[in-house]
2 protein chains.
Amino acid sequence: MTNSSTTPDQIIQQLNWRYATKQFDSDRKVPDDVWTALEQSLVLSPSSFGLQPWKFFVVRNPSLRQQLREHAWGQAQVTDASDLVVLAIKKDVGAAEVNQFVDRMAAVRQVSPESLSNYGDMVKGFLAQPPYPIAMDSWATRQVYIALGFLMYSAAMLGIDTCPMEGFDLAKFNELLHLPEQGYSAVVLCAVGYRANDDKYADLEKVRYPIETVVGYCD
Amino acid sequence: MTNSSTTPDQIIQQLNWRYATKQFDSDRKVPDDVWTALEQSLVLSPSSFGLQPWKFFVVRNPSLRQQLREHAWGQAQVTDASDLVVLAIKKDVGAAEVNQFVDRMAAVRQVSPESLSNYGDMVKGFLAQPPYPIAMDSWATRQVYIALGFLMYSAAMLGIDTCPMEGFDLAKFNELLHLPEQGYSAVVLCAVGYRANDDKYADLEKVRYPIETVVGYCD
């Protein structure tokens with residue numbers, strides 16, 4: 001069993017260090033080895049049944065980012081951070097995506113797709129009739145937010161700043177990034193980079209409810 | 001600025017070590033100092049505007065967990081893991097929750113609530129008219145999935161196993177845990193503990209799409 005060399009204190013320190021960065025230092029770029037780890041964090045994010053109903057679009061082109069910013073309430077993070085990640089769902093996930101995943105599972109684990117047919121049928125059954133009423137795009141969106149969490153968390157552990165953003169014109173983003181024709185739709189943004197020295201939000205105390213307000217015991 | 005002592009390799013190692021644990025060792029309990037860090041990870045999770053539209057219910061009582069298991073497809077994780085966390089949204093978030101948050105912000109940052117009234121009005125405006133059509137409970141659910149990600153990630157960093165679960169009878173869980181009368185509704189479960197030595201899923205290779213399938217560049 002792999003054990004960890006990270007201590008509880010290290011984690012809490014980095015999670016307290018993290019904040020939603022408003023002013024990024026536009027001169028600082030995330031180094032390649034760190035970026036690779038952030039990308040891998042997205043790849044390794046868990047999702048329901050492991051289906052990965054998502055794609056993560058990285059935008060670095062400055063003029064494209066300027067255009068996007070105009071449809072994101074003018075937020076400076078869109079243009080000033082080292083990298084902009086647009087987290088998107090796969091639209092209308094269904095039997096085709098389950099088959100694709102089963103094929104991938106068979107290839108990775110070196111078994112026949114036929115040996116996984118019961119598993120595939122079970123997943124299709126869940127998606128066709130979930131235990132509670134939910135549209136597939138809503139279900140996929142939930143999964144994307146796990147990946148958003150993993151991206152922000154990895155960044156915090158590596159001393160990289162992030163800012164998640166929900167305030168943007170969905171239709172315009174989809175259009176500018178050509179997502180619908182690829183079967184995707186944007187759901188949330190995450191700017192990634194380094195806080196500016198003068199971001200006044202960096203020194204504000206984090207506002208959280210007392211633990212007894214947000215954690216309850218049902219015993 | 002706090003920097004990190006964690007390397008990209010450490011992160012990737014722990015994220016690869018993580019998997020959705022099916023068989024937990026029911027004899028092993030998460031130590032108090034580790035549990036405290038996991039709780040703090042939930043408290044420190046980011047959410048839109050920092051509103052924390054959530055509560056995390058920890059269930060340890062064995063007979064209650066047995067009852068819950070019967071409404072979760074009989075999944076053994078519900079009873080066998082050290083701890084069961086039921087992640088819940090605050091229902092119908094609106095102006096009252098914004099006022100509560102502004103009061104908290106004023107107290108933590110030692111400013112007057114009046115000095116934050118513009119901020120409060122801006123948040124109320126967003127919630128009343130989001131940039132895309134979304135029900136408040138769906139919006140809150142998205143935030144809860146960030147917290148789910150933070151919980152699983154912290155656990156992985158500390159060598160603790162988890163299993164996220166969407167397959168459960170929502171109405172029954174809400175009823176057994178008395179959530180509706182407190183203004184909450186369950187959205188997802190996370191079992192927390194230690195993998196059993198004989199969990200055959202532990203040794204299966206992780207199935208992920210190639211990075212070029214899930215990460216795209218829009219430059």
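Colleague: Hi! At what angle do helix H2 of chain A and helix H1 of chain B pack?

Modeller: Hi! In this predicted model, H2 (residues 32–43) of chain A and H1 (residues 8–17) of chain B pack at about 15 degrees. Their axes are 9 Å apart.

Colleague: Why give an angle and a distance?

Modeller: Two packed helices are described by the angle between their axes and the distance between the axes.

Colleague: Okay, and what does the angle make H2(A) relative to H1(B)?

Modeller: Roughly parallel. Angles under 35 degrees count as roughly parallel, so this pair qualifies.

Colleague: Is the crossing of H2(A) and H1(B) left-handed or right-handed?

Modeller: H2(A) and H1(B) cross in a left-handed way.

Colleague: Nice. Which residues make the contact?

Modeller: From H2(A) you have Asp33(A), Val34(A), Thr36(A), Ala37(A), Gln40(A) and Ser41(A). H1(B) brings Pro8(B), Ile11(B), Ile12(B) and Leu15(B). Sorted by class, the contact of these helices has 6 nonpolar, 3 polar and 1 charged residues.

Colleague: Let's zoom out. How many residues of each chain are in contact with the other chain?

Modeller: There are 77 residues of chain A in contact with 77 residues of chain B.

Colleague: Which element gives the largest share on the chain A side?

Modeller: That is H7(A), with 12 residues. The chain A side that touches chain B divides into 42 nonpolar, 23 polar and 12 charged residues.

Colleague: New topic: strands! What is the order in the open sheet of 5 strands?

Modeller: The order is E5(A)-E1(B)-E2(B)-E4(B)-E3(B), and the pairing is mixed.

Colleague: Which strands stand at the edges?

Modeller: E5 of chain A and E3 (161–165) of chain B do. Each has a single partner strand, so one side of each is left without a neighbour in the sheet. From one strand to the next, the twist averages 25 degrees.

Colleague: How many bridges join E5(A) to E1 of chain B?

Modeller: 3 bridges, and the two strands run parallel. Look at Tyr217(A), which stands opposite Val58(B) in E1(B).

Colleague: And what about E1(A) and E5 of chain B, how do they run?

Modeller: E1(A) and E5(B) run parallel, joined by 3 bridges. For Phe57(A), the bridge partner in E5(B) is Gly216(B).

Colleague: Last one: which strands does helix H8 of chain B lie across?

Modeller: H8 (residues 170–177) lies across E1, E2 (83–90) and E4 (184–193) of chain B. H8(B) runs at about 85 degrees to E4(B).

How values were computed:
Residues numbered from 1 in each chain as written. Chains lettered and ligands numbered in written order. Predicted model: local features only at pLDDT ≥ 70, side-chain atom pairs only at ≥ 80, totals over all residues. Axes fitted to C-alpha atoms, helices over the stretch in contact; angles between N-to-C directions. Helix = DSSP H or I, 4+ residues; strand = E, 2+ residues; numbered from the N terminus. Parallel < 35°, antiparallel > 145°, perpendicular 65-115°, else oblique. Left-handed = near helix turned anticlockwise from the far one by under 90°. Contact = placed C-beta atoms within 7 Å. Nonpolar A, V, L, I, M, F, W, Y, C, P; charged D, E, K, R; others polar. Pairing = 2+ DSSP bridges.
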